[in-house]
Amino acid sequence: MLSLTESATITGDIASVWETVSDPASWASWDPHVDESRFEGDFVPGAEGWTKPRGAPGGPFKVVAVIPGKEYSTESPMPGGAMAITNTYEQVGAGQVRVTRRVQLTGWFTPVFKLFWAKGMARDMHHTFAALEQEAQRRAASV
């Protein structure tokens, strides 16, 4: 098993951050790590979508858990295993949100993923957090 966890504190309010992250169809429009994303329906457990990360092959994902305004988890099949991602959001002060992403890979493909993509994925998480901050602020300003 491989586990990666990164966190950051961003400027924003939990409502606009949650509005941004719970709209998977828009991820590619603001997240520099996502080249393409598709999603239809409500952001609830059992819902499915498709993403293509930058520099990696695309594939399906399933929403497996949602705590509105706080956390969601997805799972994606990998050759001989799976990738589980949990994203957590916590208002930690006026205008500050703590963002944490935990990625866990299981299965025989894990060493290959570690060799080719793990370091870039960990680095890209901070670019995603910064982009989330900008997009959440943009959405909050447009209300």
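Two residues are said to be in contact when heavy atoms lie within 4.5 Å. In this predicted model, that criterion was applied to Ala84, a residue of strand β6, which spans residues 81-93. When the neighbours within four places in sequence are set aside, the contacts of Ala84 are Thr74, Glu75, Arg102, Val103 and Gln104. The relative accessibility of Ala84 is 25%, and the residue is therefore classed as partly exposed, since this class lies between the limits of 20% for buried and 50% for exposed residues. Arg54, which is 30 residues away from Ala84 along the chain, has its C-alpha atom 18 Å from that of Ala84.

Aromatic side chains were examined next. Across the whole structure, 13 aromatic pairs were found. With regard to accessibility, Phe116 has a relative accessible area of 58% and is exposed, whereas Trp117, at 24%, is partly exposed.

Ring pairs also join a set of residues into a cluster, made up of Trp18, Trp27, Phe39, Phe43, Phe61, Tyr72 and Tyr89. A further arrangement involves a charged residue and a ring: Arg38 is placed over the face of Trp50, at a distance of 4.1 Å from the ring centre.

Definitions and conventions:
Residues numbered from 1 in each chain as written. Predicted model: local features only at pLDDT ≥ 70, side-chain atom pairs only at ≥ 80, totals over all residues. Heavy atoms only, no water. Helix = DSSP H or I, 4+ residues; strand = E, 2+ residues; numbered from the N terminus. Buried < 20%, exposed > 50% of the residue type's maximum accessible area, 1.4 Å probe, protein only. Phe/Tyr/Trp six-rings, centres within 6.5 Å; stacked < 30°, edge-to-face > 60°. Lys NZ or Arg CZ within 6 Å of the ring centre and 35° of its normal.
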